[in-house]
Every structure is written in structure tokens, then in C-alpha cells.
Amino acid sequence: MLGLFDSVRRRVRGVPSLPGDTPVEIAKEVIKANARKVLRCGSGPSWFMRPSDFAVGFRGAQKVLSPSYLRGLLEFMIGESFRKGRVTSCFSPLRGFDLASPSQDSLPLLIYSVAEYCRWVGDKRLCEENEASLQWLISDYERNAPTALCALKMLHDARGLGLKVRTDPKAFEQDFLNN
């Protein structure tokens, strides 16, 4: 329904203009405009923050947004995920939820984002301060994880952050390649 309203608004008012002369400048303005309680991915159904979009856009966002803002988003996602017992596929300004169905790559992408943040700022305090929640999410995921490439990346990143994983990433990789 939101998509319909966006389409009608565009037909009536036209495509909104943004300041900036180059695609890079326009992209920076879009990121800044979408940086609210959650980092919006767009409008309509894309209004909600998704771990997948957040992970993909993280490197661009770190060029425009403050480390404290991005840390706050990661802490919000970690806290909501722990509260829900899994990383949900979407986050609104109030809570985490699944728009369609739970996504099995949400935790690997959250761990990837935490690892990227820690590399970017040069310390692991975010991980250390949320270690119990992250550790619980990883342990639960490992018990129920599908064999997936995202899981392999998560296992490597989790070890790099000093989190404990039952599954050896190298053995998992060999098993994944042999099956």
C-alpha cells in the first residue's frame, strides 16, 4: 500500500530533488536523509532497516555517518535480536520483526557488520560489551544453522571478534566444498 502512495506522490509532485552535483554527492545526501532512528533503505516496503541492506551499505555509510550513530544501530539490532531470540529480517524504529519470513542470513550479516565496525574504529569494545548477547545468538544459530556460505563467513568473523564458535570454520568450509 505504501508503494501505491509513493507512486501517486511522484506523479503529482515529481521526483524529489536532492542537493549535489555528482552521483557520489547525491548518494551521501540520500544516506544522510535516511539516517534516522534506523537507517532507512528507501521508501514504501524499503522503509525498514534490513540486516542485508545494512551490511551491503555499511562501507558507504561509514564515509558519511558518525561511528557513534552506526554503533547505536548495531547495539539496537543486537539488543532486539537477543530479546526476540533471533536476528529478525527487519527493524523499525521501535522493534525488530520479520516482514515476510525469518531470514537465515540475518545473523551472519549482523556479525559481518559488527566485524566491519570493529575494524573501522580499531577496537572491539562493541563486541565485548555485547558479548553475552552475540554469543547466545551464535550458539543458537550453530545448533539450528543450515549449511550456507553466509554461515562460513560468520564463523570466520565471529572468531576474529574473539567470540567462541563450536564449529571449526576450516572444517565447515571443507565439508561445504565436499558436499
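What follows is a set of questions and answers on a predicted model of one protein chain.

Trainee: What percentage of the residues in the protein chain is buried?

Mentor: A residue counts as buried when its relative accessible area is under 20%. The protein chain has 179 residues, and the buried ones make up 39%.

Trainee: Among contacts between residues at least 6 apart in sequence, what percentage joins residues at least 24 apart?

Mentor: A contact here means heavy atoms within 4.5 Å. Among the contacts in the protein chain that pass the cut-off of at least 6 apart in sequence, those joining residues at least 24 apart come to 61%.

Trainee: Which residues does Phe 54 touch, not counting residues up to four places away in sequence?

Mentor: Phe 54 is one of the buried residues of H3. With residues up to four places away left out, the residues it touches are Leu 39, Met 49, Leu 70, Leu 73, Leu 74, Met 77 and Ser 113.

Trainee: Against which elements do the buried residues of H3 pack?

Mentor: H3 has 12 residues and reaches 15 Å from its first C-alpha to its last, close to the 16 Å expected. Its buried residues pack against H2, H4, S1 and H5.

Trainee: Is Glu 116 buried or exposed?

Mentor: Glu 116 has its place in helix H5. Leaving aside neighbours within four places in sequence, Glu 116 is in contact with Phe 58 and Arg 59. Its relative accessibility is 8%, and the cut-off is under 20%, so Glu 116 counts as buried.

Trainee: Which residue has the backbone oxygen that lies 2.9 Å from a polar atom of the side chain of Thr 88?

Mentor: Thr 88 lies in the loop between H4 and S1. Thr 88 counts as buried because its relative accessibility is 1%, and the residues it touches include Pro 51, Ser 81 and Phe 97. The backbone oxygen in question belongs to Cys 90.

Trainee: How far apart are the end C-alpha atoms of H2?

Mentor: H2 has 12 residues, so at 1.5 Å a residue it should span 16 Å. The end C-alpha atoms agree with that value, being apart by 16 Å.

Trainee: Which residue has a backbone nitrogen that a side-chain oxygen of Thr 22 reaches at the start of H2?

Mentor: The side-chain oxygen of Thr 22 reaches to within 3.1 Å of this nitrogen. The nitrogen belongs to Glu 25.

Trainee: Is Val 30 buried, exposed or partly exposed?

Mentor: Val 30 is found in helix H2. Buried means under 20% relative accessible area and exposed means over 50%. The relative accessible area of Val 30 is 33%, so Val 30 is partly exposed.

Trainee: What is the C-alpha separation of Tyr 69 and Lys 37?

Mentor: Tyr 69 is in helix H4 and touches residues including Ala 35, Arg 36 and Val 38. Tyr 69 and Lys 37 are 32 residues apart along the chain, while their C-alpha atoms are separated by 9.1 Å.

Trainee: How far apart in space are Leu 155 and Val 165, C-alpha to C-alpha?

Mentor: Leu 155 is in helix H8 and is buried, with a relative accessible area of 3%. Among the residues it touches are Glu 142, Val 165 and Phe 172. Leu 155 and Val 165 are 10 residues apart in sequence, and their separation in space is 6.8 Å.

Conventions: Residues are numbered from 1 along each chain as its sequence is written. This is a predicted model: local features need pLDDT of at least 70, side-chain atom pairs count only at pLDDT 80 or more; totals for chains, interfaces and linings use all residues. Side-chain values use heavy atoms; hydrogens and water are left out. Buried means under 20% relative accessible area, exposed over 50%, partly exposed in between (1.4 Å probe, protein chains only). Helices (H or I, at least four residues) and strands (E, at least two) are DSSP runs, numbered from the N terminus. A polar contact is a pair of N or O atoms within 3.5 Å; within protein, one must be able to donate a hydrogen and the other to accept it, and residues adjacent in sequence count only if both atoms are side-chain atoms. The expected span of a helix is 1.5 Å times one less than its number of residues.
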